[in-house]
Amino acid sequence: MKNSFFTYTLSSFETAVKDLGVAKFTAKQIYQWIYQKHERNPEAWTNISKKNRDLITEHFDFSIPQIVWNGLSKDGTRKFLVKMQDGNTVETVAIAAKERLTLCISSQVGCAIGCTFCHTGTQGLKRHLKPNEIIGQFYTVTEFLNTNDPEGQKLTNIVYMGQGEPLHNYENVKLATEIFLEPHGFALSQRKITLSTSGLVPQIEKLGEFPPVNIAISLHSAKNNVRTELMPINKVYDLERLFQAIRTIPLKSHRRITYEYLLIDGLNDTPEDVIALSQLLKRKESKINLIPFNEYPGSNYKRPSNEKVLWFMDQLIQRGFTCTIRATKGHDILAACGQLKTQVEKVNLWNETSLSL
Ligand code: SAH
Ligand code: SF4
């Protein structure tokens, strides 16, 4: 079986083709054709000899996951349902904001963590995604945009905030991240990639071996009992253990950790919660990103009123924190974590085309 090209860093690709008698500089040229010129058809690689093209295509697979559904929201958010070779699908969302076009990438099919507020969490873990399936989400969306919106904004940023817990799939997400950063590949900068985790302590303690991308921690409560209710992982790694691990993350001096804080009506949005949060976090080293709960059909929790959300933010700002509110994007086509996939699958059961945009 051929190996996917999209599992190689430049240096590992150079080593792999060396065994076939192909020169290093040819490996680099192919890398550039694929990632910088977005040309997957070997016939078009004009500076590569026919002999080398044949050798390479005989040994490597250049296929990418297929977009089986996409939808454009009124606010410009574009969602994709992406099918892997084995038929599993994941969702990937392109979110436009200011000069950025951020791709929200999935790291697993489903998720094992089982947070009670999360639609993906209710599905359990089906499997990890391979590095080429993680890279493939970015690649297939880039191809889609080049074809369908050639004059439009290109993807600039990545957040690992789609389905799955990226640190549960540590090795594959690490390799994919290294490939995203390749200077002769997509050449994304470390500052443009954010990894969000629910708090897998052993893997957080290994972040020193991970490319130094931005880290976001899904905190959601500064009180152990409430956090355990929301995130069963808190039973295994409680707040004290989590923060011990966070202190081991090597941070570049200009960077801070982002704490994601889901706001759920009546559950974690009280004055007591403000106090607990401001006692737990260090002002200078933390950024707080408030996420009003995104309701979905069948969800147990309620989103607080806009006044409540603004009040919560204001309380934190008054206490000296940097605090932002995450705008809900793509609400009209169910953008949040895990919601699109289930909805599309349900809709497809009775009518392939009924989800008109
Ligand atoms: N598994 C990782 C990354 C994917 S989830 C993590 O949990 O951090 C990305 C973010 O979306 C997390 O902060 C998660 O808590 C949040 N999220 C999940 N379901 C949500 C919902 N229904 N409304 C709002 N945010 C949600
Ligand atoms: Fe998994 Fe993150 Fe959803 Fe929790 S919030 S179930 S960790 S994807």
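## Reading charged side chains

Mentor: The structure holds nine salt bridges. Keep in mind that this is a predicted model.

Trainee: Which distance tells me that Glu-133 and Arg-127 meet in a salt bridge?

Mentor: The test is a side-chain nitrogen of Lys or Arg within 4 Å of a carboxyl oxygen of Asp or Glu. For Glu-133 and Arg-127 the distance from N to O is 2.9 Å.

Trainee: Are the two partners buried or exposed, taking Glu-133 and Arg-127?

Mentor: Buried means under 20% relative accessible area. Glu-133 has 5%, so it is buried. Arg-127 has 18%, so it is buried as well.

Trainee: What can a salt bridge tie together, as with Asp-273 and Lys-223?

Mentor: Start with the contact: the closest N and O atoms of Asp-273 and Lys-223 are 3.6 Å apart, and the pair forms a salt bridge. Asp-273 lies in helix α10 (residues 271–280), while Lys-223 is in the loop between β11 (214–218) and α7 (224–230), so the bridge ties together parts that are 50 residues apart in sequence. Asp-273 is buried at 2% relative accessibility, and Lys-223 is partly exposed at 21%.

Trainee: Where do Glu-260 and Arg-326 lie?

Mentor: First, the bridge itself: Glu-260 and Arg-326 form a salt bridge, with their closest N and O atoms 3.1 Å apart. Glu-260 sits in strand β12 (residues 257–263) and Arg-326 in the loop between β14 (322–325) and α12 (339–350), so this pair ties together parts that are 66 residues apart in sequence. Glu-260 counts as buried, at 3% relative accessibility. Arg-326 is partly exposed, with a relative accessible area of 27%.

Trainee: Which residues do salt bridges with shared partners join into one network?

Mentor: Asp-86, Arg-127 and Glu-133 are joined in that way.

Trainee: How do I read a buried charge without a salt bridge, such as Glu-165?

Mentor: Look for the nearest side chain of opposite charge, then for polar contacts. For Glu-165, which is buried, that nearest side chain is Arg-227, 8.5 Å away. The side chain of Glu-165 does make a polar contact with the side chain of Thr-197, at 2.8 Å. Glu-165 is found in the loop between β9 (157–160) and α5 (170–181).

Trainee: Which residues form a positive surface patch?

Mentor: Patch residues have over 30% relative accessible area and no salt bridge. Here Lys-98, Arg-100, Arg-191 and Lys-192 form a positive surface patch. Take Arg-100, which is found in strand β6 (residues 100–104). Its relative accessibility is 44%, so Arg-100 counts as partly exposed.

How values were computed:
Residues numbered from 1 in each chain as written. Chains lettered and ligands numbered in written order. Predicted model: local features only at pLDDT ≥ 70, side-chain atom pairs only at ≥ 80, totals over all residues. Heavy atoms only, no water. Patch = residues over 30% accessible without salt bridge, like charges linked within 9 Å, V, L, I, M, F, W, Y side chains within 5 Å. Areas by Shrake-Rupley, 256 points an atom, 1.4 Å probe, with all protein chains shown as cover. Lys, Arg positive; Asp, Glu negative; His and termini not counted. Charge placed at Lys NZ, Arg CZ, Asp CG, Glu CD. Helix = DSSP H or I, 4+ residues; strand = E, 2+ residues; numbered from the N terminus. Buried < 20%, exposed > 50% of the residue type's maximum accessible area, 1.4 Å probe, protein only. Polar contact = N/O pair within 3.5 Å; in protein donor to acceptor, adjacent residues only side chain to side chain.
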